[in-house]
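Here is a short tour of the model, taken one residue and one chain at a time. Have the viewer open as you read.

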Amino acid sequence: MTAATALNRIGAVWFAVVALFVISGLISPAMFQFSQVLNVLQVAAFLGVLATGQTLALLIGGIDLSQAGMVTLVNIVSTSLMLGANGNIAEAVLVSLAMAALIGLLNGFVIVVLKVTPLIATLAMNSILFGAALVYTGGAPHGEAAPDFEWIGAGNLFGVPVSMIFWLAIALVVAWASRKTVYGRWLYATGANAAAARLMGVPVTAVVISAYVASAVLAAVGGLLFTAYIGAPSLGIGNQFLLTSIAAVVVGGTALTGGVGSVVATIGGTIFITELNSFTNVIRVTTGTQMVLQGAIIALSVVLYRSIARTRA
Amino acid sequence: MKETKNHIVSRRRILQLGVAGAAITIAPRWLGARADTISDADIAKSGGAVQMAKKPPPYRIGFSNGFSGNSWRAMCIAALKAEAANQPDVGDLIIVDGQGDITKQVNDIESLASQQVDAILCIANSGTAVVPALRNATQDGIVTVPFNLPVDGSDYTAYTGTDPSKKGKASGTWLRNALGGKGKIVALGGIPGNSYTAAGWKGAQEAFAGSDIEVLAFKDTDWSEDKAKVVMSDLIAAYPEIDGIWSDGGQVTAGASKALLAAGRPLVPVTGDDYNGLLKLYDAEKDKQPKFDIGLISEPTWESVVALRMALAILNGDEIQKEWIITPKLITKDNYKDYMRPDLPDGVFTDTNLSDEELKKIFS
């Protein structure tokens, strides 16, 4: 993959983001308001953290469909541990992250060692995680987020949403790691051709498992941020992320086949999807029209700048 | 002589003991019935008489629950189980979960029918899809009682629930009065395309007719607090002035109100249902937010109990009316304290026949 193609991939999604911003603002001037831009970025953060993890799973040639179930389980478990008390925050966060790491390990193990297809393995795990949340609560969740904790999802630092700060910090660290470290090169090599990578000395098994651990842990972080935003437990909270976490990554330009893509571009993809969602909320269309518009625009944008990237390269 | 006297005395004694015994057995039931939310409820019964030949107890009751992923359903099931435990004629209660899947629920009903249960209660995911399965079960002699969410046609034994379009009209009228007949409102629905919200919203719009109430937008929120908050924050950006919120779910207006708080906008008159979280939010914010007002109409989780009692009555050979429409409770700022449970979780639906101890057990 040449530098020019990479630049194209990173560049193309940002054209789409700017174009959508301009068009949505022209149709609905409310979208240009600074407060609305911040609102969109605040909400994009939750999807963004998940999509960052999803990028890693896609880069190594896999997929993680268990992120949605992880968000739900983390939301349920963390609120039931916090019970609205600031003193419980550390325990709730640590338990959630530890749980996620274990589940990521399990995902990786099932996929690499037991050789189950990632789509099936993670989809099954998604079911298990949601089922676990249902069993844990008996259908009746209790608990709430602590007031100090809610600040990280719903609060502002010098006028900037804290969730967005967390998201961008995490994404940029992961982006740096994926581009500037040996581990990052291993990720891309494994995704491009796992057999060749193994022959070149890349510890493919460890890399794949680590990608799933990262994806699960980042899903948990996204779930914690979202829990902070809402403040309450909800058994359906993760459902919206099942496929949008993948859409955000794909719209950013990462290939579903692996080995090609960029965490920075996923940031763009996330903003695009959230902006689109927000725009269709604001204009007066029915939910059905909203869904059709979103699907069509996402598909169109992916087709469009794939062809731009191809003609430029 | 002495013996005869003893004989007369002992007969009187037996009579006294008998009366005391009868009083002891009857009184608890009578008192229990008095203390029952459900017996005090206002239920309109219509639709024609339904009666079947008496079947001997014990009865096997099946419940096909469309899905179980929220606290309303959890409370509904708990109330049903508690009632089944209290009813000596119920031998077996089989609960199947449709997991939100329309096809699975049809299979569930068919498999309950093939297990030859005596009655099938059901909350339908789709009022159309379950019709053939319920019809077949009814023709097989099984007492079918769908409840809470309506089923098309009348190929079932009996039905109970609230009337969503009447509820919508009542909540719409309340909102119209709360706004003095004019203002800009947003409307938040549930799962896209569901008939309960559609009927309610239609009723509400009838209530707004002829007033100066402007509906800025109608958005679906899947009845989830998190989606409501996100959707509302977008609407807040789009509309600088929002004077009221209409919704058929308390958790929806709770989420939307939190979005207003986060954006620094004043809280406004809202509708919804008996969701505890909204009552707690109202209690916390009402002194700081003069315009905040609530006109909530409950969706009683004890509808399952009514459905079970209807099924048992029919199995007992009694004659009942086919449609029992329950009048829900109106909760406003004047009576919300009677319903709010400050030490119970947000997810409790406060128009309930379950005691606080039972609720604590469910929500733990």
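Beyond its neighbours within four places in sequence, A:Ile271 is in contact with A:Val17 and A:Ala44. Keep in mind that this is a predicted model.

Where does A:Ile271 sit? Its place is in helix α12 of chain A, which covers residues 263-282. Is A:Ile271 buried or exposed? A:Ile271 counts as buried because it has 25 C-beta neighbours inside 10 Å, and the cut-off for buried is 20 or more.

Now turn to chain B. Chain B contains 12 helices and 13 strands. Of its 364 residues, 50% count as buried. Among the contacts in chain B with a separation of 6 or more, 75% are between residues 24 or more positions apart.

The domain assignment divides chain B as follows.

| Domain of chain B | Residues |
|---|---|
| domain 1 | 43-162 + 300-328 |
| domain 2 | 164-297 |

Taken over C-alpha atoms, the centres of domain 1 and domain 2 of chain B are 31 Å apart. How many residues does each domain bring to the contact? Domain 1 of chain B gives 5 residues and domain 2 of chain B gives 5 residues. On the side of domain 1 of chain B that touches domain 2 of chain B, the residues divide into 3 nonpolar and 2 polar, with no charged ones.

Key:
Residues are numbered from 1 along each chain as its sequence is written. Chains are lettered from A and ligands numbered from 1 in the order in which they are written. This is a predicted model: local features need pLDDT of at least 70, side-chain atom pairs count only at pLDDT 80 or more; totals for chains, interfaces and linings use all residues. Helices (H or I, at least four residues) and strands (E, at least two) are DSSP runs, numbered from the N terminus. A residue is buried if 20 or more other C-beta atoms lie within 10 Å of its own, exposed if 12 or fewer, and partly exposed in between; C-beta atoms are placed from the backbone. Two residues are in contact if their C-beta atoms, placed from the backbone, lie within 7 Å. Domain bounds come from an automatic or database domain assignment. Ala, Val, Leu, Ile, Met, Phe, Trp, Tyr, Cys and Pro count as nonpolar, Asp, Glu, Lys and Arg as charged, and the others, Gly among them, as polar.
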